[in-house]
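Dear colleague,

Please find below the structure I am handing over to you, with its sequence. My notes on what was found in it follow directly after.

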Amino acid sequence: MSIKDLAYYQKLIETRSYTKTAKFFKLSQPSISAAVKRLSEEFGAQLIIQKTPRGRFIVTPAGKILYDRSIEILNLLETTKNEVAEANYPKLRVGVSPIVGKIYLAKILTELSKEKLNHNIEITEAGSNDLSYKLEKGEIDIALINSLSPINNNHYQSKLLRTNSIKLIVSKQHPLARFDSIDFSNLKDQKFITMNHGFIHRVLFDLYCQVAQIHPPVAYETDNISILLELVKENLGIALVTELAPKGENGIKTINITGVPTLNTYTFIQLRNDVHLTTIQQKILNIINRIKI
């Protein structure tokens with residue numbers, strides 16, 4: 001028995017028309033008639049009575065049973081296909097930028113653990129620029145990233161999670177800790193700790209320096225936001241970060257910046273339009289979308 005014959009038969013019973021059925025499947029009418037004939041021979045029963053092409057279309061009791069079963073069989077086949085696909089590709093590949101990961105990742109994994117889905121997610125940590133490239137190349141399915149401007153790209157579905165201001169952070173032992181705000185140009189002789197090139201925090205640092213026309217020394221560069229924060233705590237330098245970075249950190253003073261244009265970063269979740277998520281992957285994405293930063 002051919003699955004295609006069952007699909008043709010199901011559609012025929014629903015439309016009561018060989019012409020409409022053939023048009024739906026882009027086949028000839030004789031092809032549909034041949035499918036019905038094969039099914040009749042397979043089950044040894046007459047399924048449809050129609051004495052003339054325009055005559056009354058009658059589904060026999062045997063034909064009604066086969067129609068009902070065809071719905072069950074075809075639905076089961078579709079479900080099986082999806083389950084097989086999910087078995088082969090059960091994980092949602094999520095790219096997370098350093099700051100988003102620091103604040104967001106623990107919450108995501110906690111919620112997924114409650115649903116017993118924590119083994120169905122694959123995390124890639126990288127800078128926002130690298131994650132955008134990986135998303136474009138299909139190396140990850142979604143990305144949680146920071147951007148210097150709202151994302152408007154027809155190739156992606158983008159959801160804004162939050163808008164973040166930029167802050168200066170220093171150790172509470174640092175002389176600058178007595179200030180609540182400071183002109184950025186006054187930091188020209190201060191040692192900075194920055195993220196490596198390719199990270200949005202380094203882009204912000206370079207932009208502020210360019211606008212303020214200063215060239216402060218860079219004491220350390222890192223690709224790990226936790227290391228950056230620890231170095232600041234140890235009073236080995238100061239850093240320019242988004243407001244999320246020092247959240248929950250002891251020993252760090254956050255200072256507002258003046259003397260330069262106000263810049264924000266935007267935390268987005270991005271999904272390529274051509275990604276077709278499995279049921280499990282969609283469930284994970286729904287959980288991520290529900291979490292508030």
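One aromatic cluster is formed by F184, F192, F205 and Y208; rings of Phe, Tyr and Trp (its six-membered ring) count as a pair if their centres lie within 6.5 Å, with planes under 30 degrees apart called stacked, over 60 edge-to-face and the rest tilted. Please note that this is a predicted model, in which local features need pLDDT of at least 70 and side-chain atom pairs count only at pLDDT 80 or more, while totals for chains, interfaces and linings use all residues. Residues are numbered from 1 along each chain as its sequence is written, and side-chain values use heavy atoms, leaving out hydrogens and water.

Aromatic pairs

In total, the structure holds six aromatic pairs. One of them is edge-to-face, because the ring centres of Y8 and F25 are 4.8 Å apart and their planes stand at 70°. This pair links distant parts of the chain, since Y8 belongs to helix α1 and F25 to helix α2 (residues 18-25), 17 residues apart; helices (H or I, at least four residues) and strands (E, at least two) are DSSP runs, numbered from the N terminus. Y8 is buried, with a relative accessible area of 14%, whereas F25 is partly exposed at 26%; buried means under 20% relative accessible area, exposed over 50%, and partly exposed in between (1.4 Å probe, protein chains only). F25 also pairs with F24: the centres of these rings are 4.9 Å apart and the planes are at 85°, so this pair is edge-to-face.

Strand β3 and its partners

Strand β3 (residues 92-96) is largely enclosed by the rest of the structure, because four of its five residues are buried. It runs parallel to strand β4 (residues 121-125), to which five bridges join it; two strands pair if DSSP finds at least two bridges between them. Within β4, I121 is the bridge partner of L92. Strand β3 also pairs with strand β5 (residues 142-147), in the parallel sense and over three bridges. There, A143 of β5 is the bridge partner of G95.

Together, β3, helix α5 (residues 98-114) and β4 make a right-handed β-α-β unit. Right-handed here means that, with the strands pointing away from the viewer, the path from the first strand over the helix to the second runs clockwise.

With kind regards
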